[in-house]
Amino acid sequence: METDVLIIGGGVTGTGIARDLTLRGLDVILIETSDLNAGASGGNHGLLHSGARYVCSDPEAAVECATELEILKKNAGHCIEETGGLFVAVKGDKENYITDFPDMCKKSGIPSKKIDPKEAREMEPSLSDETIAVYKVNDASINPFKLSIENINDAVSRGSCYLSHTRIETFKIENKAIVYARVRNQISGEIYKIKAKTYVNATGAWAGSIAAMAGIHISMVFSKGSLLVTSKRITKRVISRLRKPTDGDILVPGGVVSILGTTSVRIKSPDNIYPTVKEVDYIISEGEKLIPELKTCRYIRAYAGVRPLVSMGKGDDRDVSRGFTLLDHEKDQVHNFITITGGKLSTYRLMAEKTSDIVCKKHRVSVECRTKTIPLPSTHSGEWSEPGVLVNDPFKSDALEDPFLCECEMVPASAINTVIDSIKNNGGKPDLSSIALRTRVGKGPCQGAFCSIRILSHLHDRGEIIGQTGINDLKYFLNERWKGEQSLLWGQALVQSSLKEMIHCGLFGLELV
């Protein structure tokens, strides 16, 4: 295969670059070793930062967040819930930080407004009685899965090519340039070459590994962050602790649930990560100081992501910049290779723009970035990544022949069919895991106990999977769910997990297959 640009990495940055370059007229192929949002893009808060969190620790990142917030609200509003946010201090928090906060926000151009604690508790009744200071900011909630889906859908509609489950194995380098990339289709085992004029490494935490294939060293820092999902939406707004960023100090509403986190734990490898009981306990103990209800509410899942940071030689990962690192490897004697890593979800579009600027300069393309002005289209296959409706809301599928396959998140068979067709159109293989990445299935209170069986049966009925393949798919899907359940097995979560085990093991004997 031949193209202008080969992008490696199917997270929100990689898909954003694909759309940006396609809008500028370049031919693009994007490859991903598994599927969309497999890394940090699928393991975050879903918080669209106003920038207020970083006004003390990283003012440059704060300004970037503030600027991108307004661009994304204007051009990707269908992926955003404009919740607003409150920064809240409780008894014991440092007075000097509370006092300096509005001036730090002002210096970074971030709007903030002081709210009387009594008024704040009327706005958000779940706030602690020990609240002593509150500032209102422009934080919002954003759907990272929908963002990546819509970016790649628009890029493909304009001529780009997306290849999932495609792993890069080696680069062929001659005369200080990559001649081609040797890749393998993870499903069929087929090996082939992709020849491009420019290669972009957008693999996040794996950026160092990909760069090493070209003989280049990047000092990556792997910082794991774990988060918890509550069974209901606890607040209307994003609630953040009014202090220097640390663990367990953010609660983000998303649809009918809230997400509490996070941690910052140094790890050796970004592979096979999961939340620990210790992290869960600590997150809750910190979160309850802001919102006491977090101590007793039901949690349906925990999950973890890895922040792709570049080391600056300091020991504390929270002191490493949350800004992004953009490297033109021409200085490393590989003239057509670029790495983009670090950063955050809120600044993905800016990261894509700056990366695309370098690519276009190499290709002598003078077209300016258009993602600032052209809205991100809404597509049908991205609709079902939205959080579900409240159970007491009137909601039903259009016809009796369109049953709900996921009752927790109200996903009907027609939606699953749309997602299956979209996966196949992009050359992927529809299975439980790929469907779960693009929809809300498996993310509700039952954590896949019922919808997994229904969707697997639906895939069989459509002829998408046959024989043992489906059983292996089911086991993988449930094991991934288990990673997020095992650290919070108490109360109703333990009852639900036990019921799932009874169904899949006690009744179906899945562990014996």
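Predicted model: local features only at pLDDT ≥ 70, side-chain atom pairs only at ≥ 80, totals over all residues.
Helix α1 covers residues 12-23 and helix α5 covers residues 144-157, and the two pack at an angle of about 30°, with their axes 8 Å apart. Because angles under 35 degrees count as roughly parallel, α1 is described as roughly parallel to α5. On the side of α1, the contact is made by V12, T15, G16, A18, R19 and T22, while α5 contributes L147, S148, N151, I152, D154 and A155.

We turn next to a sheet. Strands of a sheet pair through backbone hydrogen bonds, either parallel or antiparallel. Here three strands form an open sheet in the order β3-β8-β4, and their pairing is antiparallel. Strands β3 (47-48) and β4 (80-81) stand at the edges with a single partner strand each, so one side of each has no neighbour in the sheet. Strand β8, residues 140-142, is joined to β3 by two bridges, and L47 has S141 of β8 as its bridge partner.

A436 lies in helix α10, which spans residues 432-438, and it counts as buried because its relative accessibility is 8%, where the cut-off is under 20%. Leaving aside neighbours within four places in sequence, A436 is in contact with V441, K443 and F477. Between A436 and W384 there are 52 residues in sequence, yet 9.9 Å in space, taken C-alpha to C-alpha.

Technical notes:
Residues numbered from 1 in each chain as written. Heavy atoms only, no water. Pairing = 2+ DSSP bridges. Helix = DSSP H or I, 4+ residues; strand = E, 2+ residues; numbered from the N terminus. Axes fitted to C-alpha atoms, helices over the stretch in contact; angles between N-to-C directions. Parallel < 35°, antiparallel > 145°, perpendicular 65-115°, else oblique. Contact = heavy atoms within 4.5 Å. Buried < 20%, exposed > 50% of the residue type's maximum accessible area, 1.4 Å probe, protein only.
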